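Q: Could you walk me through this one before I start picking at details?

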Amino acid sequence: MEYRKLGKTDLKLSAITYGAFAIGGSMWGGNEKQDSIRAIHASLDHGVTSLDTAPFYGFGLSEELIGEAIKGRDRSKIQLLTKFGLVWDGSNKEKGEFFFDAGSDGKSIPVYKYASKQNIIKEVEESLQRLGTDYIDLLQIHWADATTPISETMEAMDELIKQGKILAAGVCNYDLAQLQEAEQTLSLASNQLSYSMLNRAIERDIVPYTIDHNIGLIAYSPLERGLLTGKYFKDATLKNDDHRNGYFGQFNAEKVKSFLTSIEPLAKEKNATLAQLVLRWTTLQPGITLVLAGSRNAEQAVSNAQAMNIKLNTEELQLINNQLLTL
Ligand SMILES: NC(=O)c1ccc[n+]([C@@H]2O[C@H](COP(=O)([O-])OP(=O)(O)OC[C@H]3O[C@@H](n4cnc5c(N)ncnc54)[C@H](OP(=O)(O)O)[C@@H]3O)[C@@H](O)[C@H]2O)c1
């Protein structure tokens, strides 16, 4: 594993960071509790020291599973990354900005973006409880809330840093203008954004800016939620209540399939799976500090951590990049 400094902070995090969205179960067709715990343990046992979660993942369950999994482990060797700003309990209705309905099977769960100072402080207390810890290494706003001034959100995080409840403050899904506005109030550790071989829009403006300003870049959904493993072109299937039934539709399946077929020989040569090759490529892209890899069981977790063992030279990276031009 490689450990990387996050922006201007003193935090050193594992280049492959564990992504705990799917183990929350909700939107992902559920997950077995013991599989989730084993996935976290397997990650920690294979060099992954950083775990990324959010209150929204499984409506608190993902944070609780992390809290349970790290009990008895040396907290000082683990970095906890969580978020705030998505609320679903109904108490904040009318206050924030409606985002989407996360319900399924006819049940409605309206989710609001809400990042007021009062709400952040409340959410952080709840996260600390669920995670079973007294500090969060990196706190991030999950999605910008248009009803709260960015300066108010940043001031709240600044206060939490001064209180020692969080070590660093970051954002997720911020565009360049939002990032620049936030930095007028607080020096940010990182921006967490969707980035993969199939989704490289941030290379145009965000990547150069974060490199210039020494802000960490955390890539999420690097496997495009499982699509880039190739298994969904073979025998893998999705449950009805899995959001990927719709999500995968945005990609041109035939093009993605041929692209994966074209890089398969390189994966074989490296004794690696497609997923490992995809993850390793992502960790090597300019400006990318951390790659969040989601896994639902120990086997996936070990495989993802071991992606860092793959060595890719300039010619091999170029070969992949040339094939990416076909997408
Ligand atoms: N800030 C944000 O707004 C935001 C949004 C999304 C994600 N994130 C973060 O980024 C993390 C990673 O993204 P993600 O979980 O959305 O997607 P991802 O990492 O691209 O894909 C994860 C999924 O791919 C499949 N998979 C993973 N490793 C595999 C392996 N080795 N072999 C076969 N299948 C494998 C698993 O699902 P199946 O086995 O069911 O196929 C897994 O749940 C999240 O967990 C979360 O921490 C943040």
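Q: First, what kind of model is it, and how are residues numbered?
A: This is a predicted model, in which local features need pLDDT of at least 70 and side-chain atom pairs count only at pLDDT 80 or more, while totals for chains, interfaces and linings use all residues. Residues are numbered from 1 along each chain as its sequence is written.

Q: How many helices and strands does the protein have?
A: The protein has 11 helices and 13 strands, where helices (H or I, at least four residues) and strands (E, at least two) are DSSP runs numbered from the N terminus.

Q: What share of the residues is buried?
A: Buried residues make up 45% of the 327, with buried meaning that 20 or more other C-beta atoms lie within 10 Å of the residue's own, exposed that 12 or fewer do, and partly exposed in between, the C-beta atoms being placed from the backbone.

Q: Switching to packing, how do α3 and α4 cross?
A: The axes of α3 (residues 117-131) and α4 (residues 150-162) come within 9 Å and cross at roughly 40°, the axes being lines fitted to C-alpha atoms over the stretch in contact, with angles from 0 to 180 degrees between N-to-C directions. The two helices are therefore oblique to each other, given that angles under 35 degrees count as roughly parallel, over 145 as roughly antiparallel, 65 to 115 as roughly perpendicular and the rest as oblique.

Q: Which residues meet there?
A: K117, I120, I121 and V124 in α3 meet E152, T153, E155, A156 and L160 in α4, a contact being two C-beta atoms, placed from the backbone, within 7 Å. By class, this contact of α3 with α4 has five nonpolar, one polar and three charged residues, where Ala, Val, Leu, Ile, Met, Phe, Trp, Tyr, Cys and Pro count as nonpolar, Asp, Glu, Lys and Arg as charged, and the others, Gly among them, as polar.

Q: What about α2 and α3?
A: The axes of α2 (residues 61-70) and α3 come within 7 Å and cross at roughly 40°, so α2 and α3 are oblique to each other. On the α2 side E63, E64, I66 and G67 meet S127, R130 and L131 of α3.

Q: Which way do R225 and N271 go, buried or exposed?
A: R225 counts as buried, with 20 C-beta neighbours inside 10 Å, whereas N271 has 9 and counts as exposed. R225 lies in the loop between β12 (216-220) and α7, and N271 in the loop between α8 (253-269) and α9 (274-283).

Q: What is their phi?
A: R225 has a positive phi of about 60° without being a glycine, and N271 likewise has a positive phi of about 60°. Most residues other than glycine have a negative phi.

Q: Since α9 came up, how many of its residues are buried?
A: Nine of the 10 residues in α9 are buried, including W281 and R280. The elements covering them include β3 (16-19), β12, α8 and β13 (290-294).
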